[in-house]
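Hi everyone, thanks for making time this morning. I'd like to walk you through one model, starting with the overall picture and then moving to a few local details. Please have the structure open as I go.

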Amino acid sequence: MDRLARIAAHLAPPSRDAQVNNIQQQPTAAQGLPKVAVLGAAGGIGQPLSMLLKMMPNIGELSLYDVVGTPGVAADVSHMDTKPKVTSHLGPDQLPNALYNCHLVIIPAGVPRKPGMTRDDLFNINAGIVKTLSEGIAKYCPKAWVAIISNPVNSTVPIAAEVFKKAGTFNAAKLFGVTKLDVARANAFVGEILEVDPAQVNVPVIGGHAGVTILPLLSQAQPRIHLPDAKAKALMERIQNAGTEVVEAKAGKGSATLSMAYAAAKFAESCLKAIQGEPGVVECAYVSSHLTDLPFFASPLRLDQNGIAEFLPIGRMNELETANMAALMKELSGSIKKGVEFANEGAAKNDKSTAQPSSGSSIPSSKNETTGPLYAPSSSQQPKSGKKELKPQPSSGSDLPKRKEETTGGRY
């Protein structure tokens with residue numbers, strides 16, 4: 001209950017003066033390498049994810065944030081003899097420093113579903129957390145790539161998008177729902193059946209990140225897998241319900257925290273490669289999309305320094321996959337609508353009353369309130385480095401392909 005109490009306190013704003021005055025100018029990217037923030041670093045996913053990120057030589061600063069336990073996690077991983085500098089940030093007052101000058105922000109923050117907790121209870125807690133953290137991102141690192149793990153991803157990504165739109169910082173090319181675990185599971189299970197190294201397997205997974213919305217395109221797997229219809233359906237359902245498989249194996253005492261951390265680290269690694277200019281980076285993720293009639297959809301993407309460079313074709317689906325697609329669209333549509341309504345309902349309430357500020361109202365309403373010169377392109381207060389410092393890329397949402405005909409990539 002202590003963690004829930006602290007999370008509740010996190011949703012209640014501190015004084016604006018404390019928020020404004022607390023941000024400090026600090027070196028943020030050793031040797032010009034990117035700064036990566038983990039929001040929710042002390043949680044079941046956040047801790048192993050922080051460890052895996054600390055092992056990456058292409059990170060300059062690893063900024064760890066949570067509402068409880070951050071100093072211990074930061075101290076622990078800082079003893080690893082690897083390159084990234086580790087900084088610890090505890091509680092809402094330290095969120096600005098955690099985010100300032102970030103290139104990539106990863107959000108595993110939230111709570112798992114517990115006995116007696118309804119799905120609506122879980123949604124309201126995690127949705128509120130993602131909304132608050134997104135408000136902070138919009139203020140302190142509006143050009144960062146944002147990777148959301150917090151469930152339900154099908155709804156939390158639309159929430160973040162609405163927050164960014166309201167702040168005027170939305171960049172569709174840089175907002176991602178992390179669905180890498182669905183791909184990892186599909187690759188692992190297919191590799192097991194084919195008796196090959198899963199690292200050599202590639203199964204595109206489209207749709208969303210929950211139950212029937214997860215659609216592994218087994219007919220497009222490489223290497224090819226040939227299964228009778230009944231076995232193909234059973235494999236698809238295993239991939240869709242793999243989270244429950246882990247919960248049951250842990251006898252209700254945990255969920256898929258380790259595999260999720262692994263998948264998030266792999267996704268972060270791909271993002272960092274793209275940010276640093278490596279060509280040919282391809283990932284599946286849940287993003288603002290034009291490939292279907294839904295505003296958000298997971299599919300294979302090609303990434304470059306500006307974020308999403310190309311939506312790769314989904315390809316032809318077989319009969320089983322086509323049938324699942326129909327159920328997927330209905331379920332996913334409802335989840336997206338729920339997220340958008342949550343974000344906009346809060347905004348509407350704030351517009352009607354100033355007596356009860358929103359969870360993000362303590363965050364300064366303009367960049368100038370965060371000691372403006374920090375954001376000036378030629379500011380003398382910017383960190384100095386012997387090497388050229390890597391800057392967050394300019395917003396490029398308008399660079400996204402506008403028509404399906406423009407997604408001409410051939411990988412799938």
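**A walk through the model**

So, to begin with the inventory: there are 12 helices and 11 strands in the protein chain. Please keep in mind that this is a predicted model. The chain has 412 residues, and 52% of them are buried. If you take the contacts with a separation of 6 or more, 74% of them are between residues 24 or more positions apart.

Let's go inside. Which residues touch the most other members of the largest nonpolar core? They are Leu39, Leu53 and Val105, in a core of 101 residues. Helix H11 contributes the largest share of this core, 11 residues. There is also a second, separate core of 5 residues, with Phe123, Ala127, Phe342 and Ala343 among them. As background, nonpolar side chains in soluble globular proteins tend to be buried together.

Setting aside neighbours within four places in sequence, valine 105 is in contact with Ala37, Leu39, Leu99, Ile137, Cys141, Ala144, Trp145, Val146 and Ala147. Notice Leu39 in that list of contacts; Leu39 was also among the core residues that touch the most other members.

Next, threonine 70, which sits in helix H4, residues 70-78. Is threonine 70 buried or exposed? Its relative accessibility is 0%, so threonine 70 counts as buried. Not counting residues up to four places away in sequence, threonine 70 touches Ala42, Leu64, Tyr65, Ser88, His89 and Leu90.

For a contrast, look at threonine 322 in helix H12, which covers residues 319-352. Threonine 322 counts as partly exposed because its relative accessibility is 43%, and the range for that class lies between 20% and 50%. Threonine 322 and leucine 217 are 105 residues apart in sequence, yet their C-alpha atoms are 9.8 Å apart in space.

Now for some strands. Strand S9 and strand S10, residues 296-304, run antiparallel and are joined by 8 bridges. One of the pairs you can pick out is glutamate 283, whose bridge partner in S10 is leucine 301. In S9, 7 of the 8 residues are buried, so S9 is largely enclosed by the rest of the structure.

S10 also pairs with S11, again in the antiparallel sense, over 4 bridges. These two strands, S10 and S11, form a hairpin with 2 residues between them. Here leucine 303 has isoleucine 308 in S11 as its bridge partner.

H8 gives the most, with 8 residues. By class, the lining has 17 nonpolar, 5 polar and 10 charged residues.

Finally, the backbone. Most residues other than glycine have a negative phi, and most peptide bonds are trans. There are some places here to look at with that in mind. A cis peptide bond joins asparagine 151 and proline 152, with omega about -5°. Proline 152 is in the loop between strand S5 (145-148) and helix H7 (153-167). The peptide bond from glutamine 222 to proline 223 is also cis, with omega near -5°, and proline 223 lies in the loop between strand S8 (214-216) and helix H9 (229-240).

As for phi, asparagine 101 is not a glycine but has a positive phi of about 70°. You'll find asparagine 101 in the loop between helix H5 (95-99) and strand S4 (104-107), and it is buried, with a relative accessible area of 12%. Alanine 251, not a glycine either, has a positive phi of about 55°. Alanine 251 is in the loop between H10 and H11, and at 59% relative accessibility it counts as exposed.

Methods: Residues are numbered from 1 along each chain as its sequence is written. This is a predicted model: local features need pLDDT of at least 70, side-chain atom pairs count only at pLDDT 80 or more; totals for chains, interfaces and linings use all residues. Side-chain values use heavy atoms; hydrogens and water are left out. Ala, Val, Leu, Ile, Met, Phe, Trp, Tyr, Cys and Pro count as nonpolar, Asp, Glu, Lys and Arg as charged, and the others, Gly among them, as polar. Buried means under 20% relative accessible area, exposed over 50%, partly exposed in between (1.4 Å probe, protein chains only). Two strands pair if DSSP finds at least two bridges between them. A nonpolar core is a set of buried Ala, Val, Leu, Ile, Met, Phe, Trp, Tyr and Cys residues joined through side-chain atoms within 4.5 Å. Contact means heavy atoms within 4.5 Å.
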